Amino acid sequence: MGRYVVRRLGQLVVVVLGATMILFACLFVLPGDPVGSIGGDKARDPAVVKELRAHYGLDDPLVVQYVHYVEKLGKGDLGEDYTQGRSVNEILQPKLVNTAKLAVTAIIFDVILGLSVGVLAAMRRYSVWDVSVTFLTTLAVGVPSIVIGMILQRFFVVELGWFPLISDGSFNSMVLPAVTLAIIDAALVAQIARSTMLEVLRADYVKTAVAKGLPRRTILTRHIMRNSVIPVITYLGISFGGLLGGALITETIFNWDGIGLALITAIQSQNNPIIVGVVTYSVAVFILLNLIVDLLYAALDPRIRLS
Amino acid sequence: MTTVETAAESIGTTAAGGPLLEVRDLHVEFKTRDGVAKAVNGVNYSVSAGETLAVLGESGSGKSVTAQAIMGILDSPPGRVAQGEILFHGQNILALPESERRKLRGNKMAMIFQDALSSLNPVLSVGFQLGEMFRAHQGLSKKDAKKKAIELMDRVRIPAAKERVGDYAHQFSGGMRQRIMIAMAIALEPDLIIADEPTTALDVTVQAQVMDLLAELQRESNMGLILITHDLGVVADVADKIAVMYAGRIVETAPVHEIYKRPAHPYTKGLLRSIPRLDQKGQELYAIKGLPPNLLAVPSGCAFNPRCEMAQDICRTDVPPLHTVTEADGGELPGRGSACHFWKETIHG
């Protein structure tokens with residue numbers, strides 16, 4: 001088990017290195033000069049440009065730049081950003097907190113909405129409720145978040161005025177982006193919960209539990225729910241990893257000051273250190289969450305052996 | 001104590017004279033998209049304390065469905081008991097509310113299933129699942145239930161029970177898993193055990209061990225045992241009497257040893273002929289021609305007629321009742337019956 005974790009963490013390092021390397025190469029071959037975006041539209045003194053290029057090491061060969069980057073990354077330093085000359089760590093830190101807040105809220109909506117809807121649908125199979133759940137969740141999965149976000153904005157902000165249009169970081173302004181993120185996910189959670197529960201309901205061991213004369217509620221909580229919830233947890237863990245990596249579209253629609261929005265802004269201004277920083281972080285978080293899901297999976301299902 | 005509880009308690013103490021379990025004219029139907037499947041069509045059988053009834057038949061003959069109806073664990077919907085009575089200690093349990101049926105299950109009547117691996121919950125330890133019996137029916141604490149679980153595992157001779165009580169189903173061998181299922185069934189010393197193909201999923205050598213264990217436990221506590229199987233070989237040593245089922249009906253009943261010597265129904269005859277024998281090495285194995293009937297459209301008359309070598313016109317029109325089978329000279333053959341118009345020709349040649 002300990003060895004398994006160590007090996008998985010080793011894999012994490014390799015994947016993060018690979019991801020940054022690919023990204024580095026991509027940004028390197030991109031047309032345009034990153035220095036051109038520094039300091040606005042004014043024509044610049046060639047001497048200044050030269051100095052800036054030297055400062056950021058942009059004249060070094062790709063390999064040298066990459067090695068320098070990795071050296072810093074090893075110390076947890078994501079480098080220095082182009083536009084403000086500030087440390088990327090410092091810039092991203094509050095945005096990470098914002099994204100994490102949004103992710104946690106969204107995942108809570110997810111669990112409550114998705115699980116209850118899915119479980120009820122499975123228990124009332126073929127009822128009107130079940131059929132409408134199947135219909136609505138399929139619809140929700142198919143609609144892109146940009147559409148959901150804008151519909152919510154139109155209705156709850158413009159028509160009803162319940163929530164602010166531009167987010168100010170308050171809880172009230174977080175509700176709509178969190179719901180937007182949660183709707184698609186909760187629909188998937190509901191579908192997974194429904195189908196696994198239907199499968200478990202038919203399982204032989206549930207019949208055994210009935211034949212043992214256990215009370216209905218015991219059968220439901222101990223024998224049905226526990227087995228049904230395992231695939232849901234797997235999905236939620238991976239989904240949470242994705243959410244923590246920043247929601248580009250939703251954060252942009254609601255102007256939520258998280259790393260998704262930061263990434264979009266950085267791409268528009270060719271602020272390469274931010275781009276690499278955000279992606280490196282997202283990749284690492286995603287892999288870490290996957291590891292946690294695997295460990296949780298083994299804890300919940302004794303048949304899974306980690307090796 | 002609620003009245004429900006006392007009613008359930010009273011079952012098991014009343015009617016000491018009659019049979020432990022009596023199934024009367026039981027009909028079970030399943031609603032399917034293509035119509036109503038009649039899985040059980042008027043089954044009658046009885047089991048007394050200490051007696052073993054073997055119910056024989058191929059898949060779809062209704063033998064398991066009858067058992068599930070007795071236990072009250074039919075998948076319903078779509079399944080339902082359409083007609084009939086199930087008397088347990090003389091009381092019709094089909095008339096009891098579900099809350100009382102539940103108290104009988106596991107407590108007074110228990111069931112052993114075919115595939116122990118899928119019948120045990122994969123994410124709960126076997127000790128926990130054994131202990132659940134005591135916690136649900138006797139209100140024992142988790143700790144005491146675990147002690148009882150270890151005792152039970154000892155009783156069914158699982159080695160190192162104390163160390164293995166926390167293990168999971170997948171960590172045991174097939175034979176040991178089936179022993180755990182047996183332990184679960186005998187946990188509360190029920191009056192009746194229904195074993196649904198308890199050895200089908202096991203190796204032949206392990207089959208014998210498991211059957212011996214089951215028979216031994218039954219003798220010790222004088223339980224009634226219904227042994228559901230399609231394997232005539234398993235039955236011979238353990239059962240007292242046999243009921244052969246076909247298309248949801250009992251087609252032949254007999255004390256166990258007589259049926260091997262002198263079957264009184266063509267279907268039983270076919271079953272006996274299809275047992276592989278060592279002295280027939282090299283010859284093609286006999287098989288009853290045709291397929292088991294479609295329960296949505298059971299043939300008219302005798303359901304076996306399309307596959308029967310002896311079938312006459314009457315077999316296609318009249319459903320044969322269960323005739324009392326006698327010697328050729330009219331001498332009694334207790335317990336024997338055959339639902340064949342030509343039972344005399346079948347048994348006496």
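Analyst: This is a predicted model. In chain A, buried residues make up 45% of the 307 residues.

User: What makes a residue count as buried?

Analyst: A residue is called buried because its relative accessible area is under 20%.

User: How many helices and strands does chain A have?

Analyst: Chain A has 12 helices and 0 strands. Read from the N terminus, the order of elements is α-α-α-α-α-α-α-α-α-α-α-α. The C-alpha atoms of chain A fill a box of roughly 85 × 55 × 30 Å along the principal axes.

User: Why is α7(A) called roughly antiparallel to α9(A)?

Analyst: The axes of helix α7 (residues 171–201) and helix α9 (residues 216–244) of chain A cross at roughly 150° and come within 9 Å. Angles over 145 degrees count as roughly antiparallel, so α7(A) is roughly antiparallel to α9(A). The crossing of α7(A) past α9(A) is right-handed.

User: Which residues make the contact between α7(A) and α9(A)?

Analyst: On α7(A) they include A:Leu181, A:Asp185, A:Leu188 and A:Ile192. On α9(A), A:His223, A:Asn227, A:Pro231 and A:Tyr235 are among them. Contact here means heavy atoms within 4.5 Å.

User: Into which domains is chain A divided, and how far apart do their C-alpha centres lie?

Analyst: Chain A is divided into domain 1 (2–87) and domain 2 (89–300). The C-alpha centres of these two domains of chain A lie 32 Å apart. Across the boundary, 30 residues of domain 1 of chain A are in contact with 23 residues of domain 2 of chain A.

User: What makes a set of residues a nonpolar core?

Analyst: The members must be buried residues of listed types, such as Leu, Ile and Tyr, joined through side-chain atoms within 4.5 Å. The largest nonpolar core has 82 residues, and those touching the most other members include B:Leu21, B:Tyr45, B:Ile70 and B:Ile226. Helix α8 (residues 174–186) of chain B gives the largest share of this core, 8 residues. At least three residues come from each of domain 1 (3–239) and domain 2 (245–276 + 284–348) of chain B.

User: What is B:Ile226 in contact with, leaving aside its neighbours within four places in sequence?

Analyst: Its contacts include B:Leu21, B:Tyr45, B:Val47, B:Ile70 and B:Leu192. A second, separate core has 30 residues, including B:Ala54, B:Leu272, B:Ala303 and B:Cys340.

Definitions and conventions
Residues are numbered from 1 along each chain as its sequence is written. Chains are lettered from A and ligands numbered from 1 in the order in which they are written. This is a predicted model: local features need pLDDT of at least 70, side-chain atom pairs count only at pLDDT 80 or more; totals for chains, interfaces and linings use all residues. Side-chain values use heavy atoms; hydrogens and water are left out. Buried means under 20% relative accessible area, exposed over 50%, partly exposed in between (1.4 Å probe, protein chains only). Helices (H or I, at least four residues) and strands (E, at least two) are DSSP runs, numbered from the N terminus. Domain bounds come from an automatic or database domain assignment. Axes are lines fitted to C-alpha atoms, for helices over the stretch in contact, and angles run from 0 to 180 degrees between N-to-C directions. Angles under 35 degrees count as roughly parallel, over 145 as roughly antiparallel, 65 to 115 as roughly perpendicular and the rest as oblique. A crossing is left-handed if the near helix is turned anticlockwise from the far one by less than a right angle, and right-handed if clockwise.
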